[in-house]
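Please look over the sequence and the model before reading further. The explanation begins with the whole chain and then turns to its parts.

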Amino acid sequence: MISRSVRAALAASLAAALTAGAAACSADSGDSGGGKARNPGATGVIGGTPERGGTLTVLSNQDFAHLDPARNWTMPDMDFGIRLLYRTLTTFRAEPGKKGTEIVPDLATDLGTPSEGGKVWTFTLKKGLTYEDGSPITSADVKYNVERSFAADLTGGPDYAQQYLAGTEGYAGPLDGEHLDSIEVPDERTVVFRLQRPLAEFSYTATLPTFAPVPEARDKGVQYDQRPFSSGPYKIDRYDRGKELVLVRNEHWRAATDPVRKAYPDRIVVRMGLGGDQIDDRLIASGGGDASAVEWADMRPESVAKVLSKEDVRARLAAEITGCTDMLHLNTSRAPFDDPVVRQAMMAAVDREAQVTANGGPALNEVATAYLPPALAGGKSDVLGIPPAGDVQKAKELLADAGKADGFTATLTVSTGDKTRAEALQQSLDRAGVTVRIQTVDPSVFYDTIGDTKNAPDMAISGWCPDYPSGATFLPFVFDGRTVQETGNKGNYAQFRDEEVMREMDRIATLTDVGEANEAWAGLDAEIMNKAPAVPLLWERKPLLVGDNIAGAFGHPVWTGQFDYAVIGLKDPAKS
């Protein structure tokens, strides 16, 4: 049996790793070559403690990819869903900095009880939990949503259940009446998970939306995305795809059972389809109703100078370290990137300094020199030693060795907001003789587009963020060939399949010592860098503006620096 002291030590070491990484990235103001950069925005909580009431407006350039908890695995959609519409067995504290990396019980009474050496985890639900209609939340509802995550048509969500639960081979979800024996519900408040192997950090896994409840009677398959049945403090009043989502209070949510979510606003309105520059300008001006608004997606790079030059506006800017690594994924399933020498040439050819400039400059970005972000690797590493501006001569030599001295043409798909960055890549790769054709895709369908493996582009820009502070939530999801799916592929956009790498992942997964595992993940990171299935580009901060009537705003340290919607609200609700 894993004792509670062991689990507490794990939590402390994971939190310490995250804090150490954050400190390493937030010291002196630095340069685009990977130097340390201090936070250019506000520190702590913006606007103080909110008052209850009013309407919080969210200005967005896009619709949600998914709100179904079985499919919700991109930020900020996941933060929005978990904090407002549904609850999970455990969750992260709603606080900035180190405290935000700590997990607390949510639906469960505690962080779970391990047994059988950590291969079995038992959770007990709190008493008095209800859905938006007042009906009780049961352990069977938690089991049902975990089972839903296996359904082939419910793509896009976390697949930890597929990786961790025992006896799941060939399982395709509960829609045909089949259920998993590895999830037991001995009574309405108890759920037991039987795992393939011991897992000390399953309390962290249970923070994910896979572990939110869905009552079977309310399930509508793919249509559930439109109207999840609320177990959180808000429910959907109306949802006009691509235009507007309106949330109102869930009168059956009980604050006494939920110490994390404060539910300050009476209503939350998400207005979609706005231009990024338009959103920035409206929030900089902070006039009328925009004073009670926040922005959904990152502030545009061209707005950085306008914000940082004005102290009063700068004080309304959150710029938390994301803890993610942004990458150029190379499609290794076909030529030319099935050749590791060509991939190594790409690693040398990319001008990452130009990526820093195109993404808002060194105040918000650092050159990435590894896949694992510093928070997970115990600091920064630079295995290949390639200059930040690239090494064009080395790239040309490698291309010649691969029989491509005359270069080649490749396609690059990016979200519309990354077009400037795509053009910077186009220019830098052209120096080595690589011609890039750019395709831009609306953010709401971007991941579905690059996740269609049969029609995937040669290259794509996408980042990966750990779901909690562990290397186990990073490298296996980005580079384990067994995770590649024909449709709804997520993480391993390079379609990278390497037997040596997968064997080492399996070995590390058996390690019970956290320090030993962290060291092993860092070593594997270096090994994969030499195989070059992707080019690490940036370690970013997440720049988000708020209006001057906003209170309780901060970038959450675990959820990629996104606002924590559990505690955000208004200074003066009457002004909204």
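Predicted model: local features only at pLDDT ≥ 70, side-chain atom pairs only at ≥ 80, totals over all residues.

Residues are numbered from 1 along each chain as its sequence is written, and side-chain values use heavy atoms, with hydrogens and water left out.

The protein chain contains 17 helices and 20 strands; helices (H or I, at least four residues) and strands (E, at least two) are DSSP runs, numbered from the N terminus. Its C-alpha trace spans about 70 × 55 × 40 Å along the principal axes. A compact globule of 576 residues would have a radius of gyration near 25 Å, and the 23 Å of the protein chain agrees with this. That radius is taken over C-alpha atoms, and the globule rule is 2.2 Å times the number of residues to the power 0.38. Of the 576 residues, 60% count as buried, where buried means under 20% relative accessible area, exposed over 50%, and partly exposed in between (1.4 Å probe, protein chains only). A contact means heavy atoms within 4.5 Å. Among contacts between residues at least 6 apart in sequence, 74% join residues at least 24 apart.

Burial can be followed in individual helices. In helix α2 (residues 77–85), nine of the nine residues are buried, so this helix is largely enclosed by the rest of the structure. Its cover includes the strands β2 (90–92), β8 (234–240), β9 (244–249) and β10 (267–271). In helix α14 (residues 443–450), the residues Pro443, Ser444, Phe446 and Ile450 are buried. The cover of these residues includes β15 (408–415), β16 (434–441) and β17 (459–464).

How do pairs of helices pack? Helix α9 (residues 340–349) and helix α12 (residues 392–401) pack at an angle of about 170°, with their axes 8 Å apart. Axes are lines fitted to C-alpha atoms, for helices over the stretch in contact, and angles run from 0 to 180 degrees between N-to-C directions. The two helices are therefore roughly antiparallel, a term for angles over 145 degrees. Residues of α9 that include Val341 and Ala345 meet residues of α12 that include Leu398 and Leu399. By class, this contact of α9 with α12 has nine nonpolar, one polar and two charged residues. Here Ala, Val, Leu, Ile, Met, Phe, Trp, Tyr, Cys and Pro count as nonpolar, Asp, Glu, Lys and Arg as charged, and the others, Gly among them, as polar.

Helix α16 (residues 499–509) and helix α17 (residues 514–531) pack at about 175°, with axes 10 Å apart. This makes α16 roughly antiparallel to α17. Their contact comprises eight nonpolar, no polar and five charged residues.

Lastly, consider the backbone. Most residues other than glycine have a negative phi, and most peptide bonds are trans. The bond from Met75 to Pro76, however, is cis, with omega near 5°, and Pro76 lies in the loop between β1 (55–59) and α2. Another cis bond joins Ala335 and Pro336; Pro336 is in the loop between β13 (325–330) and α9. Ala263 has a positive phi of about 50° and is found in the loop between β9 and β10. Ser286 has a phi near 55°, and its 9% relative accessibility makes it count as buried.

Note on methods:
Parallel < 35°, antiparallel > 145°, perpendicular 65-115°, else oblique.
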